[in-house]
Structure formats: structure tokens, C-alpha cells
Amino acid sequence: MSSTPLRLGSVAPNFKAETTKGPIDFHEFIGDNWVVLFSHPEDYTPVCTTELGAFAKLEPEFTKRGVKLIGLSANTVDSHDGWIKDIDEVTGSKVAFPIIGDKERQVALAYDMIDHQDATNVDSKGIAFTIRSVFIIDPKKTIRLILSYPASTGRNTAEVLRVVDSLQTGDKHRITTPINWIPGDDVIVHPSVNNDLAKELFPEFRIVKPYLRFTPLPKEKATVA
Ligand code: BEZ
């Protein structure tokens, strides 16, 4: 696997791995879907338990958007299987997405998920576990978002979903999304769209500054059955 740092726009490295849902080839797993690949430090730990439960509860929203979830830590699949029972019991969720057993840290190394700064986030041999990484990968297998959270801080699943919404909306229309945007809010006309084209694409757009132009999203045309 490549040692070039992964950046936004990089092709997500392929790998084969064991998961709680059986062996996978990652690129085959992506298929024509979007994927959220996320790591947690260790099974049977408190913050991770709350996070996995929260991702499981929000999974139907990801599915609606054509997004598959897949977790990972440097623990075995057997360990994940036992821990999932606790997660479901404690959080009232049903973890149905696969979790990669990456005890040898093959995937964690390829995706630069290893913890380099928290000396307490280590296994019994003192080998570093993973941080809380998130990769959003599109159907072309391009990495579109990378987030890194420390072991001490649980993530915000709504934020991950919000970025999916922003990316998918931006891909469909020539727009960007402002600070704290959520679906339904006005969006920003992409700087590459001049005002003449903006008038065609977004009849209701308004100019606040020449470089800051807001618009509601065009209404979806109803499809005739
Ligand atoms: C946790 O999930 O609570 C956790 C895991 C590893 C290090 C620190 C916290």
C-alpha cells in the first residue's frame, strides 16, 4: 500500500479485511455507493460505545442518501462481536454495519489512523491504537472528507451526515454551503458561476457582495410516473 499521505481527492486505498459481516474487498464494498469509514480507539470503552450506538441509530438516514457505514479498530472481529451486544443493550441501537477487525493495524496504517499523541491510547503491549478518524468516500472512490478526533472526544454523527448532505448537494448543483448550513437553508452560488449563468440556474439568487451570492436550491422537478 502507498505511503503517500492521504488527502482530500486521493483515491481511497483498497484493502482486504475481516469484518463482523465477513471478509471484504474495500473497493467492492464501496461499489456505486458513498461510504463513511470510521475508526474508534478500542472495543469495550465508554466513549466508543456511545459513538457506535449513535452511528447505528442514524444508519437509516445514511442509507437514504446511498451511504454505507463501516467501522474499524485494532481489535479482533470476535472482540467486536461481543462488544456489539453491549452497544445494542446500552444504547438501544442495532449495530448492523460491518466493523473491520484490524488488530495488525494494516488498514489503520494505510489510512494514517494511528494515535501519535495520546500515550494512554495503547494496547497491553504499549502499541498505539487508532484515533477517531472519519473518511467520507464517494462512489468514484475519492476521499471527500477527512476528520481526526482524539480518543478523549466523541464525534457528532449529525455533523458527519451534514457533510454528506453538503457534498451530495454540491455535486448535484453548482453551489457551496455556508457555515452551519443544514438542508433547507440557502446555499452559495459557486464562484465559478458568473452572474449570467447564475440567473439561469438560480432565478432567485441574490448578491450580497460580488463574491457572496446566496440562493435557495432550485425546486426538484416532479417526475411523471
Ligand atoms: C473511550 O472510548 O472512552 C476511550 C477509548 C480510548 C481512550 C480513551 C477513551
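Which residues does Cys-48 touch, not counting residues up to four places away in sequence?

1. The model is a predicted one. In it, Cys-48 touches His-40, Pro-41, Glu-42, Trp-83 and Arg-132, with residues up to four places away in sequence not counted.

2. Cys-48 is found in helix α2. Its relative accessibility is 1%, and because buried means under 20% relative accessible area, Cys-48 counts as buried.

3. Helix α2 comprises residues 46–64. The helix lies across β3 (34–39), β4, β5 and β6 (132–137). Relative to β4, helix α2 runs at about 165 degrees.

4. As for the sheet itself, 5 strands form an open arrangement with mixed pairing, in the order β5-β4-β3-β6-β7. Strands β5 (99–101) and β7 (143–149) stand at the edges; each has a single partner strand, so one side of each is left without a neighbour in the sheet. From one strand to the next, the twist averages 20 degrees.

5. Strand β4 (residues 67–73) is joined to β5 by 3 bridges, and the two run parallel. Ser-73 stands opposite Gly-101, which belongs to β5.

6. A further helix, α3 (residues 77–91), lies across β4 and β5. Its direction is at about 145 degrees to β5. Strands β4 and β5 are also among those that helix α2 lies across.

Key. Residues numbered from 1 in each chain as written. Predicted model: local features only at pLDDT ≥ 70, side-chain atom pairs only at ≥ 80, totals over all residues. Heavy atoms only, no water. Pairing = 2+ DSSP bridges. Helix = DSSP H or I, 4+ residues; strand = E, 2+ residues; numbered from the N terminus. Axes fitted to C-alpha atoms, helices over the stretch in contact; angles between N-to-C directions. Contact = heavy atoms within 4.5 Å. Buried < 20%, exposed > 50% of the residue type's maximum accessible area, 1.4 Å probe, protein only.
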